[in-house]
Amino acid sequence: MPRSVRRRWVPLGAVICATLAGPIAAAQASDNDLRTTLNQYSPKIVKDENAVKKGLKEYPKGKSKPLIRALKHEVSDLHALNKALKAESASSAKGSKGKKDVVKGLGLIASAYSALERDVQAAHGGAVPASEVNAAVATDKKGRTKLLAGLRLLST
(Lines give C-alpha, C1' and ligand atoms only; values in the text may rest on other atoms or scores of the structure.)
Protein backbone atom coordinates (compact mmCIF):
# COMPACT_ATOMS: atom_id res chain seq x y z
CA MET A 1 0.00 0.00 0.00
CA PRO A 2 2.45 2.70 0.95
CA ARG A 3 4.56 2.20 -2.18
CA SER A 4 1.69 3.05 -4.49
CA VAL A 5 0.82 6.09 -2.44
CA ARG A 6 4.46 7.22 -2.21
CA ARG A 7 5.01 6.87 -5.96
CA ARG A 8 2.25 9.36 -6.62
CA TRP A 9 2.90 11.58 -3.60
CA VAL A 10 3.84 15.18 -4.35
CA PRO A 11 4.60 17.52 -1.45
CA LEU A 12 1.61 19.83 -1.43
CA GLY A 13 3.22 22.58 0.62
CA ALA A 14 6.25 22.63 -1.66
CA VAL A 15 3.96 23.00 -4.66
CA ILE A 16 2.21 25.97 -3.04
CA CYS A 17 5.52 27.62 -2.12
CA ALA A 18 7.13 27.04 -5.52
CA THR A 19 4.13 28.23 -7.49
CA LEU A 20 3.58 31.40 -5.51
CA ALA A 21 7.24 32.23 -4.94
CA GLY A 22 7.61 33.71 -8.41
CA PRO A 23 7.15 37.39 -9.13
CA ILE A 24 3.78 38.70 -8.13
CA ALA A 25 2.21 40.87 -10.78
CA ALA A 26 0.62 44.13 -9.75
CA ALA A 27 -2.73 42.81 -8.61
CA GLN A 28 -5.43 44.22 -6.45
CA ALA A 29 -5.19 43.71 -2.71
CA SER A 30 -7.55 40.78 -2.31
CA ASP A 31 -5.74 38.59 -4.85
CA ASN A 32 -2.56 39.34 -2.93
CA ASP A 33 -4.39 38.43 0.29
CA LEU A 34 -5.21 35.03 -1.21
CA ARG A 35 -1.53 34.54 -2.03
CA THR A 36 -0.52 35.63 1.45
CA THR A 37 -2.94 33.17 3.05
CA LEU A 38 -1.60 30.33 0.89
CA ASN A 39 1.98 31.23 1.75
CA GLN A 40 1.17 31.42 5.47
CA TYR A 41 -0.17 27.87 5.44
CA SER A 42 2.60 26.42 3.25
CA PRO A 43 5.08 25.73 6.09
CA LYS A 44 2.39 23.90 8.09
CA ILE A 45 1.42 21.82 5.10
CA VAL A 46 5.05 21.01 4.28
CA LYS A 47 5.54 19.86 7.89
CA ASP A 48 2.34 17.77 7.72
CA GLU A 49 3.33 16.18 4.42
CA ASN A 50 6.74 15.26 5.82
CA ALA A 51 4.97 13.58 8.75
CA VAL A 52 2.72 11.69 6.30
CA LYS A 53 5.78 10.60 4.32
CA LYS A 54 7.48 9.40 7.50
CA GLY A 55 4.28 7.62 8.56
CA LEU A 56 4.11 5.85 5.20
CA LYS A 57 7.65 4.56 5.72
CA GLU A 58 6.73 3.17 9.15
CA TYR A 59 3.39 1.68 8.07
CA PRO A 60 4.80 -1.49 6.44
CA LYS A 61 6.58 -2.19 9.74
CA GLY A 62 3.20 -2.45 11.46
CA LYS A 63 3.19 1.08 12.87
CA SER A 64 -0.08 2.65 11.78
CA LYS A 65 -0.53 5.25 14.54
CA PRO A 66 2.06 7.75 13.21
CA LEU A 67 0.47 7.63 9.76
CA ILE A 68 -3.06 8.02 11.13
CA ARG A 69 -1.98 10.95 13.31
CA ALA A 70 -0.16 12.63 10.39
CA LEU A 71 -3.13 12.18 8.04
CA LYS A 72 -5.53 13.62 10.63
CA HIS A 73 -3.30 16.62 11.18
CA GLU A 74 -2.85 17.20 7.44
CA VAL A 75 -6.61 17.01 6.83
CA SER A 76 -7.21 19.45 9.69
CA ASP A 77 -4.74 21.97 8.23
CA LEU A 78 -6.15 21.57 4.71
CA HIS A 79 -9.64 22.29 6.06
CA ALA A 80 -8.33 25.32 7.97
CA LEU A 81 -6.66 26.68 4.82
CA ASN A 82 -9.82 26.04 2.83
CA LYS A 83 -11.90 27.90 5.41
CA ALA A 84 -9.48 30.84 5.40
CA LEU A 85 -9.54 31.04 1.61
CA LYS A 86 -13.32 30.84 1.45
CA ALA A 87 -13.54 33.83 3.79
CA GLU A 88 -11.49 35.99 1.40
CA SER A 89 -12.66 37.52 -1.83
CA ALA A 90 -10.77 37.77 -5.08
CA SER A 91 -10.39 41.09 -6.85
CA SER A 92 -10.03 39.79 -10.40
CA ALA A 93 -11.61 37.16 -12.60
CA LYS A 94 -8.31 35.21 -12.60
CA GLY A 95 -8.14 35.44 -8.83
CA SER A 96 -11.73 34.26 -8.49
CA LYS A 97 -11.17 31.26 -10.77
CA GLY A 98 -7.84 30.50 -9.07
CA LYS A 99 -9.45 30.63 -5.62
CA LYS A 100 -12.28 28.35 -6.77
CA ASP A 101 -9.82 25.81 -8.19
CA VAL A 102 -7.58 25.89 -5.11
CA VAL A 103 -10.54 25.44 -2.74
CA LYS A 104 -11.86 22.53 -4.84
CA GLY A 105 -8.41 20.94 -5.07
CA LEU A 106 -7.73 21.22 -1.35
CA GLY A 107 -11.14 19.69 -0.63
CA LEU A 108 -10.41 16.72 -2.89
CA ILE A 109 -6.98 16.18 -1.34
CA ALA A 110 -8.43 16.35 2.17
CA SER A 111 -11.10 13.86 1.11
CA ALA A 112 -8.46 11.47 -0.25
CA TYR A 113 -6.38 11.72 2.92
CA SER A 114 -9.47 11.19 5.11
CA ALA A 115 -10.41 8.09 3.13
CA LEU A 116 -6.86 6.73 3.40
CA GLU A 117 -6.85 7.39 7.15
CA ARG A 118 -10.14 5.49 7.58
CA ASP A 119 -8.81 2.61 5.50
CA VAL A 120 -5.59 2.41 7.51
CA GLN A 121 -7.59 2.43 10.76
CA ALA A 122 -9.90 -0.30 9.48
CA ALA A 123 -6.91 -2.44 8.44
CA HIS A 124 -5.42 -2.20 11.97
CA GLY A 125 -1.91 -1.92 10.57
CA GLY A 126 -2.50 -4.58 7.92
CA ALA A 127 -2.65 -4.16 4.18
CA VAL A 128 -5.16 -1.70 2.83
CA PRO A 129 -7.04 -3.13 -0.17
CA ALA A 130 -5.55 -1.96 -3.48
CA SER A 131 -8.92 -0.69 -4.68
CA GLU A 132 -9.13 1.66 -1.69
CA VAL A 133 -5.59 2.92 -2.22
CA ASN A 134 -6.25 3.45 -5.93
CA ALA A 135 -9.45 5.39 -5.17
CA ALA A 136 -7.62 7.64 -2.69
CA VAL A 137 -4.75 8.21 -5.13
CA ALA A 138 -7.16 9.03 -7.97
CA THR A 139 -9.02 11.58 -5.81
CA ASP A 140 -5.72 13.04 -4.62
CA LYS A 141 -4.53 13.36 -8.24
CA LYS A 142 -7.72 15.20 -9.28
CA GLY A 143 -7.30 17.51 -6.30
CA ARG A 144 -3.69 18.29 -7.10
CA THR A 145 -4.58 19.01 -10.74
CA LYS A 146 -7.23 21.51 -9.60
CA LEU A 147 -4.88 22.97 -7.00
CA LEU A 148 -2.08 23.51 -9.52
CA ALA A 149 -4.45 25.13 -12.01
CA GLY A 150 -5.64 27.54 -9.32
CA LEU A 151 -2.14 28.28 -8.08
CA ARG A 152 -1.02 29.08 -11.63
CA LEU A 153 -3.86 31.58 -11.99
CA LEU A 154 -3.03 33.18 -8.65
CA SER A 155 0.67 33.42 -9.42
CA THR A 156 0.23 35.65 -12.47
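Start by selecting Lys146 and Asp101: their side chains meet in a salt bridge at 3.5 Å, N to O (a salt bridge here is a side-chain nitrogen of Lys or Arg within 4 Å of a carboxyl oxygen of Asp or Glu). Lys146 sits in helix 6 (residues 130-155) and Asp101 in helix 5, so this pair ties together parts that are 45 residues apart in sequence. Helices are DSSP runs of H or I, at least four residues, numbered from the N terminus.

Before you click on, note that this is a predicted model, where local features need pLDDT of at least 70 and side-chain atom pairs count only at pLDDT 80 or more, while totals for chains, interfaces and linings use all residues. Residues are numbered from 1 along each chain as its sequence is written, and side-chain values use heavy atoms, with hydrogens and water left out.

Is Asp101 buried or exposed? Asp101 is buried, at 5% relative accessible area, whereas Lys97 is partly exposed at 39% and Lys146 is partly exposed at 32%. (Buried means under 20% relative accessible area, exposed over 50%, partly exposed in between, with a 1.4 Å probe and protein chains only.)

The structure holds 7 salt bridges.

Now show helix 4 (65-86) with helix 5 (residues 93-123). They pack at an angle of about 160°, with axes 9 Å apart; axes are lines fitted to C-alpha atoms, for helices over the stretch in contact, and angles run from 0 to 180 degrees between N-to-C directions. That makes helix 4 and helix 5 roughly antiparallel (the label for angles over 145 degrees). Colour their contact by class and you get 15 nonpolar, 5 polar and 5 charged residues. Ala, Val, Leu, Ile, Met, Phe, Trp, Tyr, Cys and Pro count as nonpolar, Asp, Glu, Lys and Arg as charged, and the others, Gly among them, as polar.

Last stop: Lys61, in the loop between helix 3 (29-58) and helix 4. Lys61 is exposed, with a relative accessible area of 59%. Select Gly125 too: the C-alpha atoms of Lys61 and Gly125 are separated by 8.5 Å, though the residues are 64 apart along the chain.

Methods: Helices (H or I, at least four residues) and strands (E, at least two) are DSSP runs, numbered from the N terminus. Angles under 35 degrees count as roughly parallel, over 145 as roughly antiparallel, 65 to 115 as roughly perpendicular and the rest as oblique.
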